[in-house]
Amino acid sequence: MKVRWRAVLLMLLLTAALFGCGKEESPALLKMTFLDTGKSDCIVIEAGESVVVNDAADEDDQEMICEFMDSLQTQRIEYLILSHFDKDHIGSAAKLLRRYEVGCVLMPDYQENSEPYLALMEALGETETASRRLRQNYQFSLEGIEFYVDAPREVSYENDNNYSLITAVTNNRNGILLMGDAQKQRTEELLDSALAQKRWDLIKMPHHGDYNKKLRDLFTKVQPKYAVLTAGAERSRVEEETLALLESCRCSAYYTDEGTVTVTSDGVNLQVDQDSSVRPEMSESIAIE
């Protein structure tokens with residue numbers, strides 16, 4: 001009898017080994033919030049329980065950003081990624097450094113003579129926060145979400161916007177490109193990279209909707225379904241060529257001046273929603289095959 005029960009137990013163990021048993025792991029969950037800060041950028045990324053912030057809008061957006069961060073009940077930002085040093089991208093960075101624990105600040109390798117930049121440098125020193133000035137591409141993973149930060153190729157650029165770090169966020173089959181304020185030269189660099197060899201579900205449009213001639217090539221290659229434009233109420237930088245491009249590529253456009261945009265992904269399905277109090281009809285989702 002004991003031999004028979006041992007045989008049954010052995011069979012059960014073999015079956016468990018072959019087919020698995022117990023509770024399956026949940027897929028990685030990604031949530032990306034494009035805050036309505038006007039003609040400026042602040043994107044809060046939740047990779048499971050970890051938080052990454054991409055750009056820090058203007059100085060007068062501090063209260064809004066901190067209020068949103070506090071709603072997440074987090075005291076730590078794993079990475080603060082600053083695409084470049086224009087005031088509408090780093091204005092609230094010093095405040096974030098002083099209010100939250102920040103694991104590391106990623107930024108391009110150049111300097112700026114401006115009050116927001118000097119405030120950022122002062123806060124970095126005061127809080128002794130780790131930082132990296134990227135001369136090469138940088139990647140990291142948080143809870144199964146992959147981050148790839150594409151660094152500018154040149155030592156110096158005539159236009160500061162071309163220093164922009166471009167951040168690619170991948171959750172299994174879903175992918176999002178955050179373009180900073182990349183203009184023609186920087187977009188051309190991206191086109192020559194491995195990032196342009198795959199499809200991306202969503203692009204955060206560069207420079208608030210400003211058009212450059214390489215954008216059409218980029219859209220042809222990566223075929224995004226969605227675009228987010230961080231625009232002010234007057235939409236001064238959203239050019240007719242940009243609108244024509246989005247229409248011809250059948251790319252759904254979301255403008256942050258019409259409400260905060262939220263993107264969620266479980267690794268297969270990606271959904272885009274906008275503040276229902278502003279645009280109740282704006283909610284779409286896709287599953288990447």
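**Helix packing and loop residues in a predicted model**

The structure is a predicted model, in which local features need pLDDT of at least 70 and side-chain atom pairs count only at pLDDT 80 or more, while totals for chains, interfaces and linings use all residues. Residues are numbered from 1 along each chain as its sequence is written, and side-chain values use heavy atoms, with hydrogens and water left out.

The axes of α7 (residues 215–222) and α8 (residues 240–248) come within 11 Å and cross at roughly 15°. This angle makes α7 roughly parallel to α8 (angles under 35 degrees; over 145 is roughly antiparallel, 65 to 115 roughly perpendicular and the rest oblique). Axes are lines fitted to C-alpha atoms, for helices over the stretch in contact, and angles between N-to-C directions run from 0 to 180 degrees. Helices (H or I, at least four residues) and strands (E, at least two) are DSSP runs numbered from the N terminus. On the α7 side, Leu215, Arg216 and Phe219 meet Ala244, Leu245, Leu246 and Ser248 of α8, contact meaning heavy atoms within 4.5 Å. The residues of this contact comprise five nonpolar, one polar and one charged (Ala, Val, Leu, Ile, Met, Phe, Trp, Tyr, Cys and Pro are nonpolar; Asp, Glu, Lys and Arg charged; the others, Gly among them, polar).

The loop between α5 (115–127) and β6 (131–134) contains Thr129. Thr129 is buried, with a relative accessible area of 14% (buried, under 20%; exposed, over 50%; partly exposed in between; 1.4 Å probe, protein chains only). Not counting residues up to four places away in sequence, Thr129 touches Leu97, Val102, Val105 and Leu124. The C-alpha atoms of Thr129 and Glu101 are separated by 8.3 Å, at 28 residues apart along the chain. Glu128, found in the loop between α5 and β6, is exposed at 72% relative accessibility. Phi of Glu128 is near 55°, a positive value in a residue other than glycine. For Ala57, also not glycine, phi is positive and near 50°. Ala57 lies in the loop between β3 (50–54) and α2 (62–71) and is buried, with a relative accessible area of 0%.

The chain averages a pLDDT of 90, and 86% of the residues score at least 70; pLDDT is the predictor's confidence in each residue, from 0 to 100. Over residues 7–24 pLDDT stays under 50, and the model has two contacts beyond four places in sequence for them. Residues 278–282 also have pLDDT below 50, with 12 contacts in the model beyond near neighbours in sequence. Where pLDDT is low, the predicted coordinates should not be read in detail.
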